[in-house]
Amino acid sequence: MSLLLATDFAPDALERWAAQVRESLPDLQVHTRRDPAHDAGIEFAFVANPAPGVLRDLPRLRFVQSMWAGVDKLLRDPTLPDEVPLARMVDPAMNRAMAETALWAVLNLHRRFFDYLDQQRAKQWQPLPQRRANEVNVAVLGLGEMGRTTALRLAANGYRVSGWSRSGTPIARVDVHARDAGLPQVLAQAEIVINLLPLTARTHSLFNAKTFAQMRRGAHFVNLARGHHVVEKDLLAALDSGQLGHAVLDVFHTEPLPADHVFWSHPKVTVLPHAAAQTDLRSATAIAVANINAVRAGYTPAHLVDRAQGY
Ligand code: NAP
(Lines give C-alpha, C1' and ligand atoms only; values in the text may rest on other atoms or scores of the structure.)
Protein backbone atom coordinates (compact mmCIF):
# COMPACT_ATOMS: atom_id res chain seq x y z
CA MET A 1 0.00 0.00 0.00
CA SER A 2 1.53 3.33 -0.96
CA LEU A 3 1.04 7.06 -1.20
CA LEU A 4 2.22 9.52 -3.86
CA LEU A 5 3.29 13.08 -3.02
CA ALA A 6 2.67 15.08 -6.20
CA THR A 7 3.91 18.65 -5.86
CA ASP A 8 5.91 21.43 -7.44
CA PHE A 9 8.12 21.71 -4.34
CA ALA A 10 11.90 22.10 -4.67
CA PRO A 11 13.68 18.75 -4.04
CA ASP A 12 14.90 19.59 -0.50
CA ALA A 13 11.46 20.87 0.62
CA LEU A 14 9.84 17.77 -0.88
CA GLU A 15 12.23 15.45 0.98
CA ARG A 16 11.57 17.25 4.28
CA TRP A 17 7.84 16.92 3.76
CA ALA A 18 8.15 13.25 2.69
CA ALA A 19 10.05 12.52 5.93
CA GLN A 20 7.20 14.09 7.93
CA VAL A 21 4.57 12.05 6.05
CA ARG A 22 6.56 8.79 6.47
CA GLU A 23 6.79 9.42 10.21
CA SER A 24 3.00 9.94 10.41
CA LEU A 25 2.10 6.95 8.21
CA PRO A 26 4.86 4.42 8.96
CA ASP A 27 3.05 1.47 7.37
CA LEU A 28 2.67 3.19 3.96
CA GLN A 29 5.36 3.46 1.33
CA VAL A 30 5.68 7.13 0.44
CA HIS A 31 6.84 8.01 -3.09
CA THR A 32 7.79 11.46 -4.32
CA ARG A 33 7.50 10.73 -8.06
CA ARG A 34 5.76 8.45 -10.54
CA ASP A 35 7.64 5.23 -11.39
CA PRO A 36 6.33 2.16 -13.28
CA ALA A 37 7.97 0.03 -10.58
CA HIS A 38 5.54 1.23 -7.90
CA ASP A 39 2.64 3.03 -9.66
CA ALA A 40 0.36 -0.03 -9.52
CA GLY A 41 0.40 0.03 -5.69
CA ILE A 42 -0.48 3.72 -5.19
CA GLU A 43 -3.79 4.08 -3.33
CA PHE A 44 -3.50 7.61 -1.94
CA ALA A 45 -2.14 10.95 -3.16
CA PHE A 46 -1.32 14.21 -1.40
CA VAL A 47 -1.18 16.95 -4.03
CA ALA A 48 0.13 20.52 -3.93
CA ASN A 49 0.10 22.20 -7.32
CA PRO A 50 0.80 18.90 -9.13
CA ALA A 51 1.84 18.73 -12.77
CA PRO A 52 -1.21 18.10 -15.01
CA GLY A 53 -1.60 14.39 -15.76
CA VAL A 54 0.34 13.14 -12.74
CA LEU A 55 -2.68 11.23 -11.34
CA ARG A 56 -3.69 9.48 -14.56
CA ASP A 57 -3.42 5.68 -14.92
CA LEU A 58 -3.06 4.80 -11.24
CA PRO A 59 -5.34 1.72 -11.17
CA ARG A 60 -5.64 1.46 -7.36
CA LEU A 61 -5.89 5.17 -6.53
CA ARG A 62 -8.80 5.64 -4.09
CA PHE A 63 -8.35 9.03 -2.42
CA VAL A 64 -6.74 12.38 -3.31
CA GLN A 65 -6.05 15.03 -0.67
CA SER A 66 -5.26 18.56 -1.85
CA MET A 67 -2.84 20.39 0.43
CA TRP A 68 -4.25 23.66 -0.97
CA ALA A 69 -7.65 25.13 0.05
CA GLY A 70 -8.51 26.14 -3.54
CA VAL A 71 -8.89 23.26 -6.01
CA ASP A 72 -9.73 25.23 -9.18
CA LYS A 73 -6.44 24.38 -10.91
CA LEU A 74 -6.72 20.70 -9.99
CA LEU A 75 -10.28 20.51 -11.34
CA ARG A 76 -9.14 22.02 -14.64
CA ASP A 77 -6.87 18.97 -15.22
CA PRO A 78 -8.93 16.74 -17.56
CA THR A 79 -6.90 13.68 -16.49
CA LEU A 80 -8.00 13.94 -12.83
CA PRO A 81 -9.89 10.66 -12.33
CA ASP A 82 -13.64 11.42 -11.93
CA GLU A 83 -14.47 8.51 -9.68
CA VAL A 84 -11.77 9.11 -7.02
CA PRO A 85 -12.90 11.23 -4.02
CA LEU A 86 -11.02 14.52 -3.71
CA ALA A 87 -10.74 16.48 -0.45
CA ARG A 88 -9.49 20.04 -0.13
CA MET A 89 -7.42 21.42 2.73
CA VAL A 90 -9.37 22.98 5.57
CA ASP A 91 -6.98 24.05 8.30
CA PRO A 92 -7.92 26.43 11.13
CA ALA A 93 -4.31 27.73 11.10
CA MET A 94 -4.75 28.77 7.48
CA ASN A 95 -8.16 30.33 8.14
CA ARG A 96 -6.59 32.42 10.93
CA ALA A 97 -3.72 33.49 8.65
CA MET A 98 -6.27 34.64 6.05
CA ALA A 99 -8.24 36.60 8.67
CA GLU A 100 -4.99 38.29 9.76
CA THR A 101 -4.19 39.38 6.19
CA ALA A 102 -7.73 40.69 5.69
CA LEU A 103 -7.61 42.58 8.99
CA TRP A 104 -4.23 44.10 8.05
CA ALA A 105 -5.69 45.31 4.73
CA VAL A 106 -8.85 46.69 6.35
CA LEU A 107 -6.92 48.51 9.09
CA ASN A 108 -4.59 50.06 6.51
CA LEU A 109 -7.48 51.21 4.34
CA HIS A 110 -9.72 52.41 7.18
CA ARG A 111 -6.93 54.23 9.08
CA ARG A 112 -5.25 55.37 5.83
CA PHE A 113 -1.86 53.87 6.65
CA PHE A 114 -1.19 53.30 2.92
CA ASP A 115 -1.57 57.10 2.52
CA TYR A 116 0.90 57.66 5.38
CA LEU A 117 3.39 55.40 3.57
CA ASP A 118 3.09 57.67 0.52
CA GLN A 119 3.49 60.70 2.78
CA GLN A 120 6.66 59.26 4.30
CA ARG A 121 8.18 58.78 0.82
CA ALA A 122 7.35 62.46 0.12
CA LYS A 123 8.63 63.55 3.60
CA GLN A 124 5.18 64.99 4.23
CA TRP A 125 3.77 65.42 7.78
CA GLN A 126 -0.02 65.53 7.48
CA PRO A 127 -2.34 63.86 10.04
CA LEU A 128 -5.57 62.73 8.33
CA PRO A 129 -9.07 62.56 9.84
CA GLN A 130 -9.55 59.50 12.06
CA ARG A 131 -12.76 57.46 11.87
CA ARG A 132 -14.18 54.78 14.12
CA ALA A 133 -14.25 51.13 12.99
CA ASN A 134 -18.01 50.98 13.53
CA GLU A 135 -18.41 53.69 10.89
CA VAL A 136 -16.83 51.44 8.24
CA ASN A 137 -18.84 48.78 6.37
CA VAL A 138 -16.77 45.87 5.11
CA ALA A 139 -18.21 43.23 2.77
CA VAL A 140 -16.79 39.71 2.69
CA LEU A 141 -17.73 37.80 -0.48
CA GLY A 142 -17.59 34.06 0.13
CA LEU A 143 -18.44 32.97 3.67
CA GLY A 144 -16.82 29.55 3.78
CA GLU A 145 -13.88 28.53 5.93
CA MET A 146 -11.80 31.61 5.16
CA GLY A 147 -14.61 34.11 4.65
CA ARG A 148 -16.49 33.20 7.84
CA THR A 149 -13.30 33.35 9.97
CA THR A 150 -12.45 36.71 8.36
CA ALA A 151 -15.95 38.16 8.82
CA LEU A 152 -15.95 37.18 12.50
CA ARG A 153 -12.48 38.65 13.06
CA LEU A 154 -13.52 41.94 11.45
CA ALA A 155 -16.73 42.06 13.51
CA ALA A 156 -14.70 41.40 16.67
CA ASN A 157 -12.55 44.41 15.71
CA GLY A 158 -15.64 46.60 15.61
CA TYR A 159 -16.32 46.83 11.86
CA ARG A 160 -19.82 46.69 10.38
CA VAL A 161 -19.60 43.48 8.38
CA SER A 162 -21.84 42.21 5.61
CA GLY A 163 -21.29 39.06 3.59
CA TRP A 164 -22.38 37.11 0.55
CA SER A 165 -22.63 33.39 -0.14
CA ARG A 166 -24.62 30.99 -2.26
CA SER A 167 -26.71 29.59 0.59
CA GLY A 168 -26.95 32.69 2.78
CA THR A 169 -26.27 30.60 5.92
CA PRO A 170 -26.57 33.10 8.81
CA ILE A 171 -23.52 34.17 10.82
CA ALA A 172 -23.87 36.05 14.12
CA ARG A 173 -22.95 39.77 13.83
CA VAL A 174 -22.73 39.55 10.01
CA ASP A 175 -25.43 40.88 7.65
CA VAL A 176 -25.56 37.93 5.24
CA HIS A 177 -26.96 38.13 1.70
CA ALA A 178 -27.46 35.23 -0.71
CA ARG A 179 -27.36 34.27 -4.37
CA ASP A 180 -26.91 36.53 -7.39
CA ALA A 181 -29.82 38.75 -6.32
CA GLY A 182 -28.05 39.65 -3.06
CA LEU A 183 -24.80 40.84 -4.60
CA PRO A 184 -25.68 44.40 -5.76
CA GLN A 185 -26.84 45.42 -2.29
CA VAL A 186 -23.72 44.05 -0.60
CA LEU A 187 -21.51 45.84 -3.12
CA ALA A 188 -23.45 49.11 -2.85
CA GLN A 189 -23.22 49.43 0.91
CA ALA A 190 -19.57 48.48 1.45
CA GLU A 191 -16.61 50.80 1.75
CA ILE A 192 -14.20 47.84 1.56
CA VAL A 193 -14.97 44.69 -0.47
CA ILE A 194 -12.96 41.53 0.24
CA ASN A 195 -13.05 38.61 -2.19
CA LEU A 196 -12.83 35.15 -0.59
CA LEU A 197 -14.84 33.18 -3.17
CA PRO A 198 -13.64 29.96 -4.80
CA LEU A 199 -12.85 30.24 -8.51
CA THR A 200 -15.66 28.42 -10.36
CA ALA A 201 -17.50 28.81 -13.65
CA ARG A 202 -19.93 31.15 -11.83
CA THR A 203 -17.34 33.34 -10.10
CA HIS A 204 -14.78 33.65 -12.93
CA SER A 205 -14.46 37.36 -13.92
CA LEU A 206 -17.09 38.32 -11.32
CA PHE A 207 -15.22 41.57 -10.62
CA ASN A 208 -15.65 43.50 -13.85
CA ALA A 209 -16.76 46.93 -15.07
CA LYS A 210 -20.39 46.18 -14.11
CA THR A 211 -19.72 45.05 -10.53
CA PHE A 212 -17.09 47.76 -9.92
CA ALA A 213 -19.75 50.29 -11.00
CA GLN A 214 -22.14 48.80 -8.40
CA MET A 215 -19.67 49.62 -5.61
CA ARG A 216 -19.68 52.96 -3.78
CA ARG A 217 -17.52 55.61 -5.43
CA GLY A 218 -14.06 55.43 -3.87
CA ALA A 219 -14.61 51.95 -2.35
CA HIS A 220 -11.56 49.75 -1.82
CA PHE A 221 -11.15 46.24 -3.24
CA VAL A 222 -9.15 43.44 -1.60
CA ASN A 223 -8.61 40.25 -3.62
CA LEU A 224 -7.28 37.37 -1.52
CA ALA A 225 -8.83 34.52 -3.53
CA ARG A 226 -7.83 34.00 -7.19
CA GLY A 227 -6.58 36.30 -9.95
CA HIS A 228 -9.15 35.15 -12.51
CA HIS A 229 -12.01 36.44 -10.36
CA VAL A 230 -11.01 39.85 -11.71
CA VAL A 231 -11.00 41.43 -15.15
CA GLU A 232 -7.68 43.22 -14.67
CA LYS A 233 -8.22 45.91 -17.31
CA ASP A 234 -11.61 46.79 -15.74
CA LEU A 235 -9.97 47.03 -12.31
CA LEU A 236 -7.34 49.41 -13.68
CA ALA A 237 -10.01 51.55 -15.37
CA ALA A 238 -12.02 51.70 -12.11
CA LEU A 239 -8.92 52.76 -10.15
CA ASP A 240 -7.88 55.33 -12.75
CA SER A 241 -11.35 56.89 -12.94
CA GLY A 242 -11.63 57.17 -9.13
CA GLN A 243 -14.55 54.70 -8.99
CA LEU A 244 -12.27 52.57 -6.78
CA GLY A 245 -9.98 54.10 -4.16
CA HIS A 246 -7.33 51.42 -3.64
CA ALA A 247 -6.80 47.72 -4.42
CA VAL A 248 -4.91 45.21 -2.29
CA LEU A 249 -4.08 42.25 -4.51
CA ASP A 250 -2.58 38.94 -3.42
CA VAL A 251 -3.45 36.95 -6.56
CA PHE A 252 -3.10 37.63 -10.28
CA HIS A 253 -3.79 36.21 -13.73
CA THR A 254 -0.09 35.42 -14.08
CA GLU A 255 1.95 34.44 -11.01
CA PRO A 256 4.61 35.47 -10.24
CA LEU A 257 3.38 38.90 -11.37
CA PRO A 258 5.49 39.80 -14.46
CA ALA A 259 8.12 42.49 -13.83
CA ASP A 260 6.55 44.83 -16.39
CA HIS A 261 3.00 44.56 -15.01
CA VAL A 262 1.40 47.92 -14.27
CA PHE A 263 0.18 46.74 -10.83
CA TRP A 264 3.76 46.78 -9.43
CA SER A 265 4.04 50.55 -9.64
CA HIS A 266 0.42 51.70 -9.69
CA PRO A 267 -0.02 54.29 -6.89
CA LYS A 268 -3.39 52.84 -5.90
CA VAL A 269 -2.36 49.17 -5.81
CA THR A 270 -0.70 47.19 -3.02
CA VAL A 271 0.81 43.90 -4.22
CA LEU A 272 1.34 40.76 -2.13
CA PRO A 273 3.04 37.62 -3.58
CA HIS A 274 0.15 35.13 -3.10
CA ALA A 275 1.00 34.98 0.58
CA ALA A 276 -2.33 35.81 2.27
CA ALA A 277 -2.67 32.33 3.80
CA GLN A 278 0.03 29.83 3.01
CA THR A 279 -0.39 26.13 3.69
CA ASP A 280 1.27 25.32 7.03
CA LEU A 281 2.71 21.88 6.29
CA ARG A 282 2.89 20.94 9.99
CA SER A 283 -0.83 21.27 10.66
CA ALA A 284 -1.89 20.48 7.08
CA THR A 285 -0.04 17.15 7.07
CA ALA A 286 -1.74 16.13 10.33
CA ILE A 287 -5.13 16.97 8.75
CA ALA A 288 -4.31 15.06 5.55
CA VAL A 289 -3.12 12.03 7.53
CA ALA A 290 -6.33 12.03 9.60
CA ASN A 291 -8.31 11.97 6.34
CA ILE A 292 -6.29 9.02 5.00
CA ASN A 293 -6.83 7.14 8.25
CA ALA A 294 -10.58 7.83 7.96
CA VAL A 295 -10.63 6.34 4.44
CA ARG A 296 -8.65 3.30 5.59
CA ALA A 297 -11.11 2.77 8.47
CA GLY A 298 -14.06 2.90 6.04
CA TYR A 299 -15.30 6.41 6.92
CA THR A 300 -16.03 9.30 4.57
CA PRO A 301 -13.12 11.77 4.55
CA ALA A 302 -13.75 15.38 5.60
CA HIS A 303 -14.13 18.32 3.20
CA LEU A 304 -14.80 16.47 -0.02
CA VAL A 305 -14.99 18.72 -3.07
CA ASP A 306 -18.38 18.98 -4.81
CA ARG A 307 -17.12 18.67 -8.37
CA ALA A 308 -20.41 19.83 -9.89
CA GLN A 309 -20.20 23.12 -7.94
CA GLY A 310 -16.44 23.40 -8.45
CA TYR A 311 -15.49 23.89 -4.76
P1 NAP B 1 -15.05 27.43 0.97
O2 NAP B 1 -15.03 27.01 2.40
O3 NAP B 1 -15.36 26.42 -0.06
O4 NAP B 1 -16.09 28.64 0.87
C5 NAP B 1 -16.54 29.16 -0.33
C6 NAP B 1 -17.62 30.22 -0.06
O7 NAP B 1 -17.95 30.87 -1.29
C8 NAP B 1 -18.90 29.64 0.51
O9 NAP B 1 -19.47 30.52 1.45
C10 NAP B 1 -19.80 29.55 -0.73
O11 NAP B 1 -21.20 29.62 -0.44
C12 NAP B 1 -19.38 30.79 -1.47
N13 NAP B 1 -19.70 30.68 -2.90
C14 NAP B 1 -19.26 29.78 -3.81
N15 NAP B 1 -19.79 30.02 -5.03
C16 NAP B 1 -20.58 31.11 -4.89
C17 NAP B 1 -21.42 31.85 -5.78
N18 NAP B 1 -21.53 31.51 -7.07
N19 NAP B 1 -22.11 32.89 -5.28
C20 NAP B 1 -22.01 33.23 -3.98
N21 NAP B 1 -21.23 32.58 -3.07
C22 NAP B 1 -20.53 31.53 -3.53
O23 NAP B 1 -13.65 28.09 0.56
P24 NAP B 1 -12.49 28.66 1.52
O25 NAP B 1 -11.73 27.58 2.18
O26 NAP B 1 -13.08 29.72 2.37
O27 NAP B 1 -11.51 29.30 0.43
C28 NAP B 1 -11.97 30.31 -0.45
C29 NAP B 1 -10.93 30.58 -1.51
O30 NAP B 1 -9.82 31.29 -0.97
C31 NAP B 1 -10.27 29.34 -2.13
O32 NAP B 1 -11.09 28.72 -3.09
C33 NAP B 1 -9.02 29.94 -2.73
O34 NAP B 1 -9.33 30.39 -4.04
C35 NAP B 1 -8.73 31.14 -1.85
N36 NAP B 1 -7.48 30.98 -1.07
C37 NAP B 1 -6.50 31.91 -1.24
C38 NAP B 1 -5.32 31.81 -0.51
C39 NAP B 1 -4.25 32.85 -0.63
O40 NAP B 1 -3.20 32.71 -0.02
N41 NAP B 1 -4.49 33.92 -1.34
C42 NAP B 1 -5.15 30.74 0.39
C43 NAP B 1 -6.16 29.81 0.51
C44 NAP B 1 -7.34 29.93 -0.21
P45 NAP B 1 -21.94 28.52 0.48
O46 NAP B 1 -21.51 28.86 1.89
O47 NAP B 1 -23.36 28.75 0.24
O48 NAP B 1 -21.41 27.18 0.01
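This is a predicted model: local features need pLDDT of at least 70, side-chain atom pairs count only at pLDDT 80 or more; totals for chains, interfaces and linings use all residues.
**View 1. Elements that form the shell.**

**View 2. Polar backbone atoms at the ligand.** An oxygen atom of the ligand lies 2.6 Å from a backbone N or O atom of Ser 167. For Gly 144, a backbone N or O atom is 3.0 Å from an oxygen atom of the ligand. A polar backbone atom of Leu 224 lies 2.9 Å from a nitrogen atom of the ligand. The ligand exposes 940 Å² when taken alone, and the protein buries 92% of that.

**View 3. The largest nonpolar core.** This core has 51 residues, and Leu 3, Leu 5, Phe 46, Leu 154, Tyr 159 and Ile 194 have the most contacts inside it. Elements that give two or more residues include strand S1 (2-7), helix H1 (11-24), strand S3 (42-48) and helix H9 (281-296). H3 supplies the largest share, seven residues. Apart from this core lies another, of 27 residues, among them Leu 141, Trp 164, Val 186 and Phe 212.

**View 4. Surroundings of Phe 46.** Beyond its neighbours within four places in sequence, Phe 46 is in contact with residues including Leu 3, Leu 5, Trp 17, Val 21, Met 67 and Ile 292. Gln 65 is also one of its contacts.

How values were computed:
Residues are numbered from 1 along each chain as its sequence is written. Side-chain values use heavy atoms; hydrogens and water are left out. A polar contact is a pair of N or O atoms within 3.5 Å; within protein, one must be able to donate a hydrogen and the other to accept it, and residues adjacent in sequence count only if both atoms are side-chain atoms. Accessible areas come from the Shrake-Rupley method with a 1.4 Å probe; for residues, only the protein chains shown count as cover. A nonpolar core is a set of buried Ala, Val, Leu, Ile, Met, Phe, Trp, Tyr and Cys residues joined through side-chain atoms within 4.5 Å. Buried means under 20% relative accessible area, exposed over 50%, partly exposed in between (1.4 Å probe, protein chains only). Helices (H or I, at least four residues) and strands (E, at least two) are DSSP runs, numbered from the N terminus. Contact means heavy atoms within 4.5 Å.
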